[in-house]
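Subject: Structure handover

Hello,

Here is the structure I said I would pass on. Please open it next to this message and follow along as you read.

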Amino acid sequence: MTDTATSNAPRVGFVSLGCPKALVDSERILTQLRVEGYDLSPSYDDADVVVVNTCGFIDSAVAESLDAIGEAMAENGKVIVTGCLGKRADVIREAHPGVLSISGPQDYASVMDAVHAALPPKHDPFVDLVPAPRLSGEDYAAGIKLTPKHYAYLKISEGCNHRCSFCIIPSMRGDLVSRPVDEVLREAERLVHGGVRELLVVSQDTSAYGVDLRYAPRTWRGREYATRMKALCEGLSELDAWVRLHYVYPYPHVDDVIELMTQRKADGTPRLLPYLDIPFQHASPRILKLMKRPGAVERTLERVQSWRAACPELTVRSTFIVGFPGETDAEFEALLDFLDEAQLDRVGAFAYSPVEGAAANALPDPVPEEVKQERLARFMERQAEISAQRLEAKIGTVQRCIVDAIDGDLAIARSMADAPEIDGLVQVQDGREAGLRPGEFADIRIMGSDEHDLYGEVEYNA
């Protein structure tokens with residue numbers, strides 16, 4: 001739980017679950033609480049009320065959210081629920097009928113109204129006549145962050161226009177709603193001025209950014225930018241920070257941002273990190289069709305190869321689902337063949353799990369659980385071999401890294417190829433001796449590797 005308590009003001013406990021997009025929602029709520037004079041409690045015992053921001057994407061996330069609500073009810077008793085699972089209020093009420101309030105994702109006003117009802121702000125005759133501000137998307141950048149000081153998630157849109165058969169996100173977060181490009185750029189600018197050195201661009205579909213606004217142009221720093229992925233990246237590249245793209249669909253116009261990855265700033269670093277997080281999900285055209293995903297696998301491979309030809313530094317990470325309903329042995333083998341050919345740098349995988357409300361639940365020929373788990377193990381074993389080979393090829397090179405933490409004599413860092421939480425690390429053996437600090441950049445000579453991480457020593461402290 002978060003602790004920023006400073007006074008005897010009313011105290012709110014906060015539990016944040018789910019993806020980076022939900023984390024951004026939590027940051028906005030926490031900032032609004034502080035703006036309105038509430039303190040944040042690190043424990044259930046000291047909190048006057050507890051807010052739980054839930055996830056509801058898959059069954060395990062639903063179970064985790066219900067457990068978190070149950071723990072807050074048992075330890076405190078006054079609980080306000082928000083987030084994706086809030087769209088399924090009946091599930092929450094059935095498990096925990098005593099919660100004070102339930103609201104869906106991005107519904108900041110309902111959360112604040114519930115807090116006001118349960119815990120009115122203290123009376124202050126000097127400021128009570130001043131309306132409490134409601135922070136806009138760009139204003140909260142100066143507020144509370146739940147990430148380390150040196151990196152931050154930058155959410156550019158809400159919702160999604162896709163209707164993937166395994167996903168219920170559109171039913172929770174709605175259709176795509178893009179933020180105007182100038183608002184996003186101003187928020188990013190404030191984050192960087194506040195000490196952020198790495199911006200992680202997140203959405204449900206970053207490639208579709210601006211389509212709902214018809215790519216409307218807006219002005220930032222005296223220049224006009226379209227509300228479009230490439231223009232956004234051009235603007236972000238003007239800031240003194242790494243910029244990393246997540247949740248990118250492999251549309252043809254992604255080619256446009258590869259050029260930015262090949263261009264250099266004055267300090268020699270890329271204008272845009274050569275990193276793409278692309279959820280391919282599978283490699284069988286038939287399974288992709290059942291998933292309602294783009295299915296031109298050969299074209300996808302050609303596109304990845306052309307990106308690497310244009311930008312040899314490019315890191316491609318992806319996620320896949322194994323054991324999707326109807327997946328045959330041959331289709332799974334085709335997925336393994338895709339891994340061999342694509343040679344992806346970072347990969348995550350999940351055994352298919354039915355999600356209440358997902359269209360895929362009605363598909364025939366479910367894969368037995370033991371078969372799903374066996375396929376998942378084989379998939380990860382194959383990718384581990386690929387990852388180990390690709391990391392081994394970096395031995396002897398010098399990698400620009402950002403330091404996340406100091407652990408004993410080591411500095412725990414990440415290269416341009418590594419996003420926080422989901423990718424590997426660079427363990428700098430002489431990090432403390434070299435005087436490295438969290439948030440600093442350093443050039444690291446790579447001395448060794450394994451299936452996931454790199455090991456090195458300081459070459460030059462930037």
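Is Cys55 buried or exposed? Cys55 is buried, because its relative accessible area is 17% and the cut-off for buried is under 20%. Please keep in mind throughout that this is a predicted model.

Cys55 sits in a loop that runs between strand β3 (49–54) and helix α2. The UniProt entry, which is unreviewed, annotates Cys19, Cys55 and Cys84 as "binding site". These residues span 66 residues in sequence, but no two of their C-alpha atoms are more than 10.4 Å apart, so they gather at one spot.

The unreviewed entry also lists Cys160, Cys164 and Cys167 under "binding site". Of these, Cys164 can be found in the loop between β7 (157–158) and α5 (169–173). Cys164 counts as buried, because its relative accessibility is 8%.

**The annotated domain**

According to the unreviewed UniProt entry, residues 146–389 carry the annotation "domain: Radical SAM core". Within residues 146–389, 37% of the chain is helix and 18% is strand.

**A patch of negative charge**

On the surface there is a patch of negative charge, made up of Asp45, Asp46, Asp48, Glu64, Asp67, Glu71 and Glu75. One of its members, Glu71, belongs to helix α2, which covers residues 59–75. With a relative accessible area of 43%, Glu71 is partly exposed.

**Salt bridges**

Side chains of opposite charge can pair when their charged atoms come close. A search of the whole structure gives 31 salt bridges. Some of them are described below.

How do Glu187 and Arg179 meet? Their side chains form a salt bridge, with 2.7 Å from N to O. Glu187 is buried at 1% relative accessibility, and Arg179 is buried at 14%.

Another salt bridge joins the side chains of Arg303 and Asp255, at 3.9 Å from N to O. Arg303 is part of helix α10 (residues 297–310) and Asp255 is part of helix α8 (residues 255–262), so this pair ties together parts that are 48 residues apart in sequence. Arg303 is buried, with a relative accessible area of 15%, whereas Asp255 is partly exposed at 35%.

Glu369 and Lys372 also meet through their side chains in a salt bridge, at 3.1 Å from N to O. Where do these two residues lie in the chain? Both are in helix α12 (residues 369–392), and because they are 3 residues apart there, about one helical turn separates them. Glu369 is partly exposed, with a relative accessible area of 42%. Lys372 is buried, with a relative accessible area of 6%.

Salt bridges can also share partners, and in this way Asp25, Lys155, Glu158 and Arg173 are joined into one network.

**Where to start**

Regards

Technical notes:
Residues are numbered from 1 along each chain as its sequence is written. This is a predicted model: local features need pLDDT of at least 70, side-chain atom pairs count only at pLDDT 80 or more; totals for chains, interfaces and linings use all residues. Side-chain values use heavy atoms; hydrogens and water are left out. Patches are made of residues with over 30% relative accessible area and no salt bridge: like charges are joined within 9 Å, nonpolar side chains (Val, Leu, Ile, Met, Phe, Trp, Tyr) within 5 Å. Accessible areas come from the Shrake-Rupley method with a 1.4 Å probe; for residues, only the protein chains shown count as cover. A salt bridge is a side-chain nitrogen of Lys or Arg within 4 Å of a carboxyl oxygen of Asp or Glu. Lys and Arg count as positive and Asp and Glu as negative; His and the chain ends are not counted. The place of a charge is taken as NZ of Lys, CZ of Arg, CG of Asp or CD of Glu. Helices (H or I, at least four residues) and strands (E, at least two) are DSSP runs, numbered from the N terminus. Buried means under 20% relative accessible area, exposed over 50%, partly exposed in between (1.4 Å probe, protein chains only). UniProt positions are given in the numbering used here, feature names are shortened, and annotations may be inferred rather than shown by experiment.
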